[in-house]
Amino acid sequence: MCGCGKKENPRIQDLSPPVAISNIEASREGDFVRLRFTATGNVEDIGSVRIVRNKTGIGAGECPGCPRAYEQITELTPKDLQAAGNGKGYSYRDYSVERGYRYLYKIIVDYSDGTKGGEFITEEVTFELNSE
(Lines give C-alpha, C1' and ligand atoms only; values in the text may rest on other atoms or scores of the structure.)
Protein backbone atom coordinates (compact mmCIF):
# COMPACT_ATOMS: atom_id res chain seq x y z
CA MET A 1 0.00 0.00 0.00
CA CYS A 2 1.15 3.52 -0.59
CA GLY A 3 -0.09 6.84 0.76
CA CYS A 4 -0.37 7.96 4.36
CA GLY A 5 -4.15 8.22 4.33
CA LYS A 6 -4.25 11.91 5.36
CA LYS A 7 -5.07 13.40 1.95
CA GLU A 8 -6.83 10.39 0.48
CA ASN A 9 -7.41 6.75 1.18
CA PRO A 10 -4.34 4.55 0.78
CA ARG A 11 -4.27 2.66 -2.49
CA ILE A 12 -2.57 -0.55 -3.44
CA GLN A 13 0.53 0.02 -5.56
CA ASP A 14 0.52 -1.69 -8.98
CA LEU A 15 3.56 -3.98 -8.97
CA SER A 16 2.86 -5.72 -12.26
CA PRO A 17 5.42 -5.07 -14.98
CA PRO A 18 4.29 -2.70 -17.75
CA VAL A 19 5.45 -5.26 -20.34
CA ALA A 20 5.59 -9.03 -20.05
CA ILE A 21 7.26 -11.43 -22.46
CA SER A 22 5.39 -14.68 -23.10
CA ASN A 23 5.01 -17.51 -25.61
CA ILE A 24 8.78 -17.80 -25.88
CA GLU A 25 9.92 -20.45 -28.33
CA ALA A 26 13.41 -21.37 -29.46
CA SER A 27 13.72 -23.70 -32.42
CA ARG A 28 16.56 -24.93 -34.55
CA GLU A 29 16.08 -24.08 -38.20
CA GLY A 30 18.97 -25.20 -40.39
CA ASP A 31 22.14 -23.58 -39.10
CA PHE A 32 20.48 -21.01 -36.84
CA VAL A 33 18.18 -20.75 -33.85
CA ARG A 34 14.97 -18.75 -34.21
CA LEU A 35 13.57 -17.14 -31.08
CA ARG A 36 9.92 -16.17 -31.14
CA PHE A 37 8.13 -14.29 -28.39
CA THR A 38 5.22 -11.99 -27.74
CA ALA A 39 5.09 -8.85 -25.65
CA THR A 40 1.96 -8.00 -23.72
CA GLY A 41 1.18 -4.79 -21.94
CA ASN A 42 2.27 -1.30 -22.90
CA VAL A 43 4.97 -2.08 -25.49
CA GLU A 44 5.58 1.66 -25.89
CA ASP A 45 7.32 1.44 -22.48
CA ILE A 46 10.08 -0.77 -23.92
CA GLY A 47 13.45 0.96 -24.10
CA SER A 48 15.27 -2.12 -25.39
CA VAL A 49 15.17 -5.89 -25.34
CA ARG A 50 18.41 -7.73 -24.59
CA ILE A 51 18.88 -11.33 -25.64
CA VAL A 52 21.52 -13.23 -23.69
CA ARG A 53 22.70 -16.78 -24.25
CA ASN A 54 24.37 -19.59 -22.32
CA LYS A 55 26.51 -21.97 -24.40
CA THR A 56 27.41 -25.39 -22.95
CA GLY A 57 29.27 -28.21 -24.69
CA ILE A 58 27.30 -31.44 -25.02
CA GLY A 59 28.58 -33.87 -22.39
CA ALA A 60 30.74 -31.15 -20.78
CA GLY A 61 30.31 -32.36 -17.19
CA GLU A 62 27.10 -30.52 -16.44
CA CYS A 63 26.31 -29.39 -12.93
CA PRO A 64 22.53 -29.38 -12.31
CA GLY A 65 21.54 -26.40 -10.22
CA CYS A 66 24.83 -24.54 -10.75
CA PRO A 67 24.63 -20.96 -12.01
CA ARG A 68 25.09 -20.45 -15.74
CA ALA A 69 27.17 -17.78 -17.41
CA TYR A 70 25.30 -15.75 -20.02
CA GLU A 71 26.65 -13.45 -22.71
CA GLN A 72 24.65 -10.75 -24.45
CA ILE A 73 24.25 -11.53 -28.13
CA THR A 74 22.08 -8.58 -29.15
CA GLU A 75 20.14 -5.57 -27.94
CA LEU A 76 17.01 -4.70 -29.87
CA THR A 77 15.69 -1.15 -29.91
CA PRO A 78 12.00 -0.33 -30.35
CA LYS A 79 12.71 0.25 -34.07
CA ASP A 80 14.35 -3.19 -34.33
CA LEU A 81 11.33 -4.71 -32.63
CA GLN A 82 8.95 -2.99 -35.04
CA ALA A 83 10.93 -4.39 -37.98
CA ALA A 84 11.08 -7.88 -36.43
CA GLY A 85 7.49 -8.08 -35.32
CA ASN A 86 3.90 -7.99 -36.40
CA GLY A 87 2.24 -6.04 -33.64
CA LYS A 88 3.23 -7.79 -30.44
CA GLY A 89 4.81 -10.98 -31.87
CA TYR A 90 8.56 -10.85 -32.48
CA SER A 91 11.30 -13.00 -33.95
CA TYR A 92 15.12 -13.05 -33.76
CA ARG A 93 17.59 -15.33 -35.55
CA ASP A 94 20.86 -16.37 -33.88
CA TYR A 95 23.31 -17.30 -36.64
CA SER A 96 26.32 -17.59 -34.30
CA VAL A 97 25.51 -21.11 -33.09
CA GLU A 98 27.79 -24.13 -33.50
CA ARG A 99 27.21 -27.86 -33.65
CA GLY A 100 28.02 -29.79 -30.48
CA TYR A 101 26.56 -27.25 -28.04
CA ARG A 102 23.40 -26.61 -26.04
CA TYR A 103 22.04 -23.08 -25.89
CA LEU A 104 19.74 -21.48 -23.35
CA TYR A 105 18.40 -18.00 -24.04
CA LYS A 106 17.00 -15.26 -21.81
CA ILE A 107 15.05 -12.25 -22.99
CA ILE A 108 15.45 -9.19 -20.77
CA VAL A 109 13.25 -6.11 -21.08
CA ASP A 110 14.66 -2.70 -20.15
CA TYR A 111 12.10 0.09 -19.94
CA SER A 112 12.29 3.51 -21.56
CA ASP A 113 12.39 5.20 -18.12
CA GLY A 114 15.72 3.44 -17.40
CA THR A 115 14.41 0.74 -15.06
CA LYS A 116 15.44 -2.85 -15.62
CA GLY A 117 12.76 -5.36 -16.34
CA GLY A 118 12.40 -9.05 -15.70
CA GLU A 119 14.15 -11.99 -17.29
CA PHE A 120 12.19 -14.44 -19.37
CA ILE A 121 13.82 -17.83 -20.06
CA THR A 122 13.38 -20.14 -23.05
CA GLU A 123 13.97 -23.83 -23.31
CA GLU A 124 17.34 -25.27 -24.33
CA VAL A 125 18.20 -25.80 -27.99
CA THR A 126 20.74 -28.53 -28.76
CA PHE A 127 22.95 -28.77 -31.83
CA GLU A 128 24.26 -32.33 -32.03
CA LEU A 129 27.79 -32.95 -33.28
CA ASN A 130 26.74 -34.79 -36.42
CA SER A 131 23.44 -33.07 -37.06
CA GLU A 132 22.68 -31.53 -40.43
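In the predicted model, the charged end of K55 sits over the ring of Y101, at 4.4 Å from the ring centre. A second contact of this kind involves K106, which lies over the face of Y70 at 4.3 Å from the centre of the ring.

Aromatic pairs were considered next. Three such pairs are found in a search of the whole structure. In one of them, the ring centres of F37 and Y90 are 5.6 Å apart and the ring planes stand at 35°, so the pair is classed as tilted. F37 belongs to strand β2 and Y90 to strand β5, and the pair therefore ties together parts that are 53 residues apart in sequence. F37 counts as buried because its relative accessibility is 2%, below the limit of 20% that defines burial. Y90 is likewise counted as buried, with a relative accessibility of 8%. Another of the aromatic pairs is formed by Y101 and Y103, and this pair is also tilted, with 6.4 Å from centre to centre and 45° between the planes. Y103, by contrast, is buried, its relative accessible area being 0%.

The strands β2 and β5 also take part in a sheet. This open sheet consists of three strands in the order β1-β2-β5, and their pairing is antiparallel. Strands β1 (19–29) and β5 stand at the edges and have a single partner strand each, so one side of each is left without a neighbour in the sheet. On average, neighbouring strands of the sheet are turned by 20° against each other, direction ignored. Strand β2 (residues 32–41) is joined to β5 by six bridges, and the two strands run antiparallel. Within this part of the structure, V33 stands opposite D94 of β5.

Charged side chains form a further set of contacts. In general, side chains of opposite charge can pair when their charged atoms come close. Seven salt bridges are present in the structure. D94, the residue opposite V33, has a side chain that meets that of R53 in a salt bridge, with an N to O distance of 2.8 Å. D94 lies in strand β5 (residues 89–94) and R53 in strand β3, so the pair ties together parts that are 41 residues apart in sequence. Both partners, D94 and R53, are buried.

A salt bridge also links D110 with R50, and the closest N and O atoms of this pair are 2.7 Å apart. Because D110 lies in strand β6 (residues 101–111) and R50 in strand β3 (residues 46–57), the contact ties together parts that are 60 residues apart in sequence. D110 and R50 are both buried.

The side chains of E29 and R34 meet in another salt bridge, at 3.0 Å from N to O. E29 is partly exposed, with a relative accessible area of 24%, whereas R34 is buried, with a relative accessible area of 13%. The limit between the two classes is a relative accessible area of 20%.

Key: Residues numbered from 1 in each chain as written. Predicted model: local features only at pLDDT ≥ 70, side-chain atom pairs only at ≥ 80, totals over all residues. Heavy atoms only, no water. Salt bridge = Lys/Arg side-chain N within 4 Å of Asp/Glu carboxyl O. Buried < 20%, exposed > 50% of the residue type's maximum accessible area, 1.4 Å probe, protein only. Helix = DSSP H or I, 4+ residues; strand = E, 2+ residues; numbered from the N terminus. Pairing = 2+ DSSP bridges. Axes fitted to C-alpha atoms, helices over the stretch in contact; angles between N-to-C directions. Phe/Tyr/Trp six-rings, centres within 6.5 Å; stacked < 30°, edge-to-face > 60°. Lys NZ or Arg CZ within 6 Å of the ring centre and 35° of its normal.
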